[in-house]
Amino acid sequence: MKRLGAAEGGLSAEEAAKRLGEHGPNSIAIERKISALHIFVSQFKNLLIVLLLLAALVSLGLSFINPEEAELLDALLIFAIVIANAVLGFAQEYKAEKSIEALTRMAAPLASVMRGGREVEIRSEDVVPGDILLLLEGDKVAADARLIECFSIYADESMLTGESVPAHKSPGVLPKETPLAERDNMVYMNSVITRGKGTAVVVHTGLKTEMGKIAKEISEAPEKVTQFQLEIGDISKKVSILVVVMLVIISVTEFLMRTGDLLFIFMAAVALGVAAIPEGLPAVVTLALSIATNRMLRQNALMRRLSTIQDLGSVNVICTDKTGTLTENVMTVTKMCFDGRHVEVGGRGLDLHGSFVPQPERNEFEMLLLCGVLCNDARQVETDGAMKFKGDPTEIAVLIPAYKAGLDVDGLRRRWKRVGEVPFSSERKLMSTANSDGRRTYTFVKGAPEVLLSRCTHINERGTPREMTGKDRKEVLEHNRALASHALRVLGFAYKESPASMDETEMENGLVFLGLMGMKDPPRAGVKEAVEDCRKAGIRVIMITGDNRYTAEAVGRELGFSGAAVTGDELDKLSEAQFAKAVEKTDIYARTSPKHKVQLLRALQANGHIVCMTGDGVNDAAAIKNSDVGIAMGIRGTEVTKQASDIIVLDDNFITIRNAIAEGRGTFDNIRKFVAYMLGANISEVLIVFIATVAALGISPKIAIQLLWINLVTDGVPAVAMGVDPPAKGIMQRPPRKKGERMADTDTMYFLGSIGFAATVALLLLYAFYMGAEGAMKAYSILFTSFVVLEMLTVYAVRWRYGTDILSNIWLHAAVASSLILQLALLYTPLNSLFGIVPLSLQDWAGITAAMAGYLALVAAALRLEPLVIRK
């Protein structure tokens, strides 16, 4: 206090204002908020988009040089698809950001402090070093502070340390190297006082607090480039190279071998650019990701960045926090021991319904339950129209068995009024209350079994007290050890009838022992199966916790984890090489700090793993920010963690994470399908236009607008419909994608080449025949319509190639039908003049049908030869 210039009466208003100016507001500047304009502009930072804009500008320029409607329409359509893509991407990302802002903010709004010798409530952001905080049960701590005095204070620091049980606090001096989780003389920003009261002097505010340090580390971490962005960039580069090569060849060919008409060369170049660049791809990818995002939101997973969905499919390691992620983060009594036997208590978390197995007689454990109800400060309160428990998590756990047994808890408390108490203290390890119904008075005591047993002279047997023997004491201690061996926290319960006084010594001696209750933070329902599903999918699950080794191992065993836990202290003793080996063998880590989580993440990434980090507390945030996919919890998650994450799981359930990974894999499958579909079709367009030009077959002067119609209208709708495909059956039975595997892998490139070759042969033969037999206008019409029909067939060829049920997805069938109807409307209405085509006869349709049969036969033959061409 001397070093901080603090006094018991607090700072003066003038001194507080001066310090606020020196130290700044007591808030955490996590990162600069992204503006709506920034989100919108970022939609254009893509090579494909830049190429499209250049093509649009060329078309626009040509419309002024040769003012025909076609060139102007080209430019307008290209601009339209770019703007539509930007609007779609902006809408989804902006919606996600606003959803995050709507989640509950973490910062404590008000703080009680001493100012000028009196207690005042101020905004938490106005707290300064040297302020004296007044702490009461239920308060959220406004800043890091050193305790001056306290009375039985317990603080929930799980969001910072990972400890599921509130930490007991007391003033005093500790060694400088004391770990954060064991600094009993400190309270930390945003921890919650669960019991007791006291005062503390503020030592750090804002970014200098423990939570602020983590927030600062997160904000300084570079923005990661996702695997999905690398995929799209890779495709963009390949397409760009193809465009440049084709443009150079056709320009030189036309200039040297033909008339050298610069306008025609520009027209042909624009046509090839439109055909080669899959201008629908960014929009379709965004729509597919948007569809997946909305589907995931219905399953309680909020995507902060669309591109992360695809990266989920590549994850092969999940590092998850234990408390609140794998477990309920609610202490629950699971075993009771009385009359020398153990009883299993059913029900999960705060559920007020549960069974007792074997079912005891009411008189056998009624006094034990009554003790749990009356020697207890936890209570049910109404909040926003719903009943919730308030109080210490351990006391809430002890109270709930009475509800499960059907006792009228509120009625018992009204009948048995509290007439005396001795609050819990860490020195005594006991809490006692005296309760009277007006006729009888009882003392009820609960606490550490060993201490409580030393105060007992009798034991309850089937509802009747009898003198306790040495054998009884030994058996009770054995029962206590048996419960503790299952990583249960054990409390003992006793009572005394008609105490002579409300003195501590009188109330807590000569007691009748009632029994034991063992409690734990249990695994969430369904989590064990979700973890097993991840393992079957080739994903390793690693549990990281701040809890002790024994608790971690016990929870791990329940969830199917094998092997012993490694502690943070043991990790600190390993060399870099030993650390790299250890992370490949150990799946449970206990007593870890934020530093260890980041070290584990980096070691796994260095070993070639794609890592997903999940969690809810501030202690998870730094690792979440630096992981390949970061997942934060929406209910328990701190604001720091949410802002660092890629995905927010709104129901805090590991099962949702498993479902999100399945959705990520399915989304990647869908993107790969329509990339294969769109690029396969575009390759055939490029080859046909290129060969027809070089071979002097001639191309339509309206070829640019024709190809744009095909790509934007007939390609786009079916491709988007593919994004509705649900994840394939057995998608979580196959291994993750290998790190570095591209969307356009060897198999995909072979398939694309097969489509391009087969389509080029079939359509060029048809085109050449009609050019010689029917003339240019009919040949242009046949080629234009054949492109549309071929692409509709390619939709089903791609689905067949990737094992998708051909008849599934009614939206896709509707999209194909609508594309064909649009083409027919264009072909048989006056609109055909705008596109330089004429109506087709039944004989013409027969020719198209024959060409399509040849196309499918060539594709099937190529796929049968694939094992001979590509060595697996």
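Guide: We begin with the ring pairs and then turn to other local features.

This is a predicted model: local features need pLDDT of at least 70, side-chain atom pairs count only at pLDDT 80 or more, and totals for chains, interfaces and linings use all residues. Residues are numbered from 1 along each chain as its sequence is written, and side-chain values use heavy atoms, with hydrogens and water left out.

First, the rings. A pair of aromatic rings is described by the distance of the centres and the angle of the planes. Rings of Phe, Tyr and Trp (its six-membered ring) pair if their centres lie within 6.5 Å. Planes under 30 degrees apart count as stacked, over 60 as edge-to-face and the rest as tilted. A search of the whole structure finds eight aromatic pairs. One of them joins W416 and Y442. Their centres are 5.4 Å apart and their planes meet at 50°, so this pair is tilted. The two residues are 26 apart and link distant parts of the chain. W416 sits in the loop between α14 (409–415) and β15 (417–425). Y442 belongs to strand β17 (residues 441–447). Helices (H or I, at least four residues) and strands (E, at least two) are DSSP runs, numbered from the N terminus.

Buried means under 20% relative accessible area, exposed over 50%, and partly exposed in between (1.4 Å probe, protein chains only).

Y442 also pairs with Y495. Here the centres are 5.7 Å apart and the planes are at 65°, so the pair is edge-to-face. Again, distant parts of the chain are linked: Y495 lies in strand β20 (residues 489–497), 53 residues from Y442. Y495 is buried at 7% relative accessibility. Ring pairs link W416, Y442, F444 and Y495 into a cluster.

Rings can also face a charge. A charge sits over a ring if NZ of Lys or CZ of Arg is within 6 Å of the ring centre and within 35 degrees of the ring normal. R535 lies over the face of F561, at 4.7 Å from the ring centre.

Now the backbone. Most residues other than glycine have a negative phi, and most peptide bonds are trans. N300 is not a glycine, yet its phi is positive, about 75°. N300 is found in the loop between α9 (280–297) and β8. With a relative accessible area of 31%, N300 is partly exposed. K429 also has a positive phi, near 60°. K429 lies in the loop between β15 and β16 (430–436). At 44% relative accessibility, K429 is partly exposed. A cis peptide bond joins V357 and P358, with omega about -5°. P358 is placed in the loop between β12 (356–357) and α12 (362–374).

Last, a sheet. Two strands pair if DSSP finds at least two bridges between them. Eight strands form an open sheet with mixed pairing, in the order β8-β27-β26-β25-β9-β22-β24-β23. Its edge strands are β8 (301–303) and β23 (566–567), and each pairs on one side only. Strands β25 (residues 611–615) and β26 (residues 629–633) run parallel and are joined by four bridges. C612 has V629 in β26 as its bridge partner.
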